[in-house]
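Here is a short report on one protein chain. Look over the sequence and the model, then read on.

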Amino acid sequence: MSNKFMVPFLCVALLLIALGLMAVGLLAAPSSGAVARAAQDETPTPEPELEPDAESPPVPTIESNDEWEPVIEVFNEAEMVLVPPGCFDMGADEGENSDLDEKPVHQQCFEEPFWIDRNEVTRAMYATCVEDGGCTEATESLFSVRDEQPMNMVTWFQATEYCEWRGTRLPTELEWEYAARGPSNLRYPWGDTFDIDLVVVSGWATEPADVGSIPEGASWVGALDMGGNLWEWTTSIYKFYPYDPAEFEDPENTTSARVWRGGSFRYDDDVRGANRDAVSPTRVDEEVGIRCVSDYILDTE
Ligand SMILES: [Ca+2]
Ligand SMILES: [Ca+2]
């Protein structure tokens with residue numbers, strides 16, 4: 001090619017390259033713009049998070065609560081605490097002011113760790129799910145109105161949908177009780193002795209407190225308000241013990257009463273870790289809220 005043709009050829013080639021780069025820029029623009037908009041959004045849609053994954057380090061099995069230091073991680077903007085493997089005695093016997101449905105005490109073991117929400121789900125967290133289309137509007141509450149108060153007046157179905165929207169699930173009552181009491185089988189999340197200063201209960205509370213208001217009442221894994229503030233929905237079908245997941249857990253069952261755990265701002269000594277209550281999954285109540293759990297190693301398929 002002579003110089004006479006080389007100059008126009010190079011100009012055309014450069015023009016084509018420039019047009020090509022502009023086209024790539026235009027194609028890229030919408031996604032980067034979406035990222036920018038998402039960053040500005042005050043209630044961004046949680047991005048699916050697949051961590052912890054198979055790279056997560058093994059968690060030791062423990063034999064008493066004091067062998068464990070709380071581990072807190074944030075998944076999809078929610079704080080969760082790690083529950084290590086171990087065994088505990090589920091239920092409560094005579095002499096513990098227990099109810100008939102807590103007997104007999106029976107040992108249960110976890111071979112795998114799991115995550116549980118550090119706090120009850122707040123109104124703000126649930127509102128984000130509604131705005132995103134993952135949850136339906138709840139019935140209005142007279143007692144829980146602030147953003148950081150716990151979400152209540154939700155059916156078991158709404159609680160289930162909320163946790164699934166976050167990529168998590170409701171706990172079984174077995175998981176809930178282990179996270180509240182631990183291998184040391186504590187009577188209350190904070191210890192073996194009732195202390196009204198460590199829990200949001202009747203006697204001083206007339207409405208749910210903002211979540212996590214009493215850090216000193218944390219359970220052995222660092223979960224707050226496990227006793228009191230609001231009862232919490234579990235997946236478990238209400239039956240008498242011993243607990244057996246084959247009988248107590250059935251995702252296809254949408255009619256049987258489901259277990260609540262932890263007591264509420266209207267209760268006193270019933271904030272014991274072994275205490276159980278149960279109602280229809282369609283019930284809405286000022287006293288019941290949501291706490292989610294997640295497997296330690298998430299299924300990334
Ligand atoms: Ca609670
Ligand atoms: Ca009970």
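Helices (H or I, at least four residues) and strands (E, at least two) are DSSP runs, numbered from the N terminus. By that count, the chain has five helices and ten strands. This is a predicted model: local features need pLDDT of at least 70, side-chain atom pairs count only at pLDDT 80 or more, and totals for chains, interfaces and linings use all residues. Residues are numbered from 1 along each chain as its sequence is written, while chains are lettered from A and ligands numbered from 1 in the order in which they are written.

**The sheet**

Two strands pair if DSSP finds at least two bridges between them. Four strands make an open sheet with mixed pairing, in the order β8-β7-β6-β9. β8 and β9 stand at the edges with a single partner strand each, so one side of each is left without a neighbour in the sheet. Strands β6 and β7 run antiparallel and are joined by three bridges. Tryptophan 233 has tryptophan 260, in β7, as its bridge partner.

| Strand | Residues |
|---|---|
| β6 | 231–237 |
| β7 | 258–261 |
| β8 | 276–279 |
| β9 | 288–289 |

**The cores**

A residue is buried if 20 or more other C-beta atoms lie within 10 Å of its own, exposed if 12 or fewer, and partly exposed in between; C-beta atoms are placed from the backbone. Buried residues make up 38% of the 301 residues in the chain. A nonpolar core is a set of buried Ala, Val, Leu, Ile, Met, Phe, Trp, Tyr and Cys residues joined through C-beta atoms within 7 Å. The largest such core has 46 residues, and those with the most contacts inside it include Ile116, Tyr126 and Ala179. Among the elements that each supply at least two residues of this core are β2, α2, α3 and β6. A second, separate core has eleven residues, including Tyr188 and Phe265.

Two residues are in contact if their C-beta atoms, placed from the backbone, lie within 7 Å. Not counting residues up to four places away in sequence, isoleucine 116 touches Met80, Ala179 and Val221, among others.

**Helix α2**

Arg123, Met125, Tyr126, Thr128 and Cys129 are the buried residues of α2. They pack against β2 and α3. Just after α2, glycine 133 takes a positive phi of about 85°.

**A loop residue**

Serine 56 lies in the loop between α1 and β1. Serine 56 counts as partly exposed because it has 13 C-beta neighbours inside 10 Å. Serine 56 and isoleucine 297 are 241 residues apart in sequence, and 7.3 Å apart in space, C-alpha to C-alpha.
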